[in-house]
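We'll walk through it piece by piece, starting with the sheets.

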Amino acid sequence: MSELPPYDVPFAGEESDGPATWGQQAFWDGLLRYDCTGWNRNVATVVRLPDGSSLNDTLNLLGRITDRHEGLRTEVYQGADGLRQRVHAQGTLSVGEISGAHPADTAREAARLRALPLGTDGVPPFAASVAVEDGRPRALVLAFSHLVVDASSVRVILDGLARPSWEPAAQPREQALREAGELRRTGLRAAGTWVREAGDTVFPFAAAHTSPAEGRVVQQVLTSVPAAERLLQISAALGADASAVLLTVAAVGLAVPLGLSRLPLQVVTSNRHRTGTRNYVGVLAQFGPLTVGLDPDASFTDVLARTGRRAMSAYNSALWSPAGLQEALAAAGRSLDDVLGATFTFNDIRAATFPPVLDHPAEPDPGRDHCVHDLPRWPYQGGRCAIAVVGGKDVLQFALRADTRYVAPRLAAALLPGIDAVLRRVHEKGGSVRIGELGEAA
C-alpha cells in the first residue's frame with residue numbers, strides 16, 4: 001500500500017478544449033451501456049527499472065512523458081454539446097512511493113491504482129507510484145484511464161520509457177480534428193459496413209431476459225500451457241496467422257452452444273493501421289463487425305481462409321463516430337442498443353504488456369491440461385459477452401466476461417472449455433477436419 005504521495009512532478013504543455021475523439025466517445029458509451037460490475041476503468045502495469053536508475057531520473061522521465069503526450073493531461077467530461085476533452089496546460093503529477101519491489105508488492109499497488117477514479121472531475125487520467133527497495137527505485141507502477149489510452153497506447157508509453165524520443169507525437173485534439181475532417185468519410189464507410197452486416201443478422205444478446213441470475217456478471221479465465229504450443233503448431237502447419245486461427249477457433253466454440261451457422265462477432269482493433277499514428281497516445285480501439293459462416297460440411301482450413309479475409313473488412317470498419325453509427329442504424333431500422341454489445345466481442349491481446357498485474361493464474365493447476373478460475377477484474381474492451389485472448393508462446397489464456405441478464409449462466413460456463421476443446425481437436429485432426437466435427441468437440 002502506498003503512503004501519502006511524497007513526490008509532486010510538474011508537467012506543462014499546451015492547453016485546449018474540444019470535442020472528444022470517436023474512441024473516447026465509444027468507451028464512454030460503453031461505460032453507460034454495459035453493466036460495469038467488476039470492470040476496471042483503468043489499466044495498470046508494472047515497469048521494472050534497470051539497475052542504476054536514480055529517483056530523480058525516474059521522476060523526470062515521468063514528467064517528460066506527461067509533457068509529451070496530451071492524453072496524459074486530458075480530462076474527459078460531458079458538455080452541453082456532447083462529450084468533450086479538456087487538456088490541462090500545467091499541473092503536478094503526484095507520484096506515490098511503496099516500500100518493496102517484490103511482484104506481490106507491485107501487484108497490490110497496481111490493484112489500488114486500477115480502482116482509482118481517473119480522468120474525470122478534475123482528476124488526472126494518469127497515476128504512478130515508484131517501488132523503492134534498498135534505497136533505490138526498482139519499478140514503476142502505472143495506471144491509465146481507459147478514457148485516454150488503449151492497449152496500443154500503453155505500449156507506446158512503455159516504449160517511450162525504455163527509449164525516450166522527442167519525435168513529434170500526434171495528440172488527441174489533432175485526432176478529433178482529423179475525425180471531423182479527413183477521416184469523416186472513413187467513419188461513414190464504417191457505419192455503412194455495420195448497416196450491411198446488421199441488416200438480417202440475428203444478434204444473440206439483443207434482449208435482456210428475466211431470471212434469478214439477473215444482474216450477475218460472470219468473469220473467468222481459462223489457462224493452458226499446451227494450448228499455446230497447439231496454436232503455434234497449427235499456425236505453422238497451415239501457414240496461417242495465429243490471430244486468424246484463434247478467431248476461427250473461438251467462432252466455432254461460440255457458435256455451437258447457440259446453434260448458429262452464422263455467428264456475428266464484434267472484433268476489437270486499435271485502428272493504428274487506419275490512422276498511421278505510431279506515436280499517438282489516445283483511444284483508438286473500437287469494434288468492427290464480422291459475421292463468420294460456419295457450414296458444418298466445410299473444413300476448418302476453408303473457414304479459416306474466409307474468416308481471415310473478412311477480418312480485414314472488420315478491422316477497416318472499426319473507426320466510427322458513435323453518433324454517425326447511431327444515425328446510420330436508425331435509418332436502416334435498427335438502433336445502437338440492437339447492435340452494440342449484442343453479440344460476442346472478440347479481442348486478441350497476446351502481448352507481454354500487462355501480465356504481471358492481471359491477476360490471471362500463471363499456469364494451470366498441477367496435473368491439469370487447463371484450468372478455469374474466476375477473474376476478479378476485467379481490463380479489456382466491453383460488451384455483454386466478451387472473449388479476450390492473452391498470453392504468448394508459453395501459456396495461452398482465454399478470458400470471458402458475460403452479463404447474465406443477456407447470457408444464460410449455463411451458456412457462459414460452457415464457452416471457455418468449448419473453445420479450448422475446439423483448439424485441441426484442430427490440433428489432433430489437422431486443418432481438413434470438418435466444422436461439424438469440431439462442433440461435436442465443443
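## Before we start

Two strands count as paired if DSSP finds at least two bridges between them. The strands themselves (E, at least two residues) and the helices (H or I, at least four residues) are DSSP runs, numbered from the N terminus.

This is a predicted model: local features need pLDDT of at least 70, side-chain atom pairs count only at pLDDT 80 or more, and totals for chains, interfaces and linings use all residues. Residues are numbered from 1 along each chain as its sequence is written, and side-chain values use heavy atoms, with hydrogens and water left out.

Let's begin with an open sheet of 3 strands in the order 2-5-4, paired antiparallel. Strand 2 (16-19) and strand 4 (74-79) are its edges, each pairing on one side only. Neighbouring strands here are turned by 25 degrees against each other on average, direction ignored; the axes behind such angles are lines fitted to C-alpha atoms (for helices, over the stretch in contact), and angles run from 0 to 180 degrees between N-to-C directions.

Between strand 2 and strand 5 (residues 82-87) there are 4 bridges, in the antiparallel sense. Which residue of strand 5 is the bridge partner of Pro-19? That's Arg-84.

Another open sheet has 7 strands in the order 11-10-12-14-15-9-13, and its pairing is mixed. Strand 11 (286-293) and strand 13 (371-374) are the edge strands, each pairing on one side only. Strands of a sheet pair through backbone hydrogen bonds, either parallel or antiparallel.

You can see both kinds of pairing around strand 14 (residues 385-391). Strand 12 (residues 344-348) runs parallel to strand 14, with 5 bridges joining them, and Thr-345 stands opposite Ala-386. Helix 7 (residues 225-238) lies across strand 9 and strand 15, at about 70 degrees to strand 9.

## What's tucked inside

Why is strand 14 described as largely enclosed by the rest of the structure? Because 7 of its 7 residues are buried, where buried means under 20% relative accessible area, exposed means over 50% and partly exposed is in between (1.4 Å probe, protein chains only). Cys-385, Ile-387, Val-389 and Gly-391 point one way, while Ala-386, Ala-388 and Val-390 point the other way.

A nonpolar core is a set of buried Ala, Val, Leu, Ile, Met, Phe, Trp, Tyr and Cys residues joined through side-chain atoms within 4.5 Å. The largest one has 52 residues, and Leu-254, Leu-265 and Leu-396 touch the most other members. Helix 8 (residues 242-258) gives the largest share, 11 residues. A second, separate core of 27 residues includes Val-9, Leu-93, Leu-140 and Val-154.

Take Leu-265: leaving out residues up to four places away in sequence, its contacts (heavy atoms within 4.5 Å) include Leu-247, Ala-251, Gly-288 and Phe-344.

Buried residues of helix 13 include Leu-411, Leu-415, Ile-419 and Val-426. Just after the helix, Gly-430 takes a positive phi of about 90 degrees.

Most residues other than glycine have a negative phi, and most peptide bonds are trans. Asp-134, in the loop between strand 7 (126-133) and strand 8 (136-145), has a positive phi near 55 degrees. Asn-271 has one of about 70 degrees and sits in the loop between strand 10 (262-269) and helix 9 (272-275).

Which of these is buried or exposed? Asp-134 is exposed, at 71% relative accessible area, whereas Asn-271 counts as buried at 0%.
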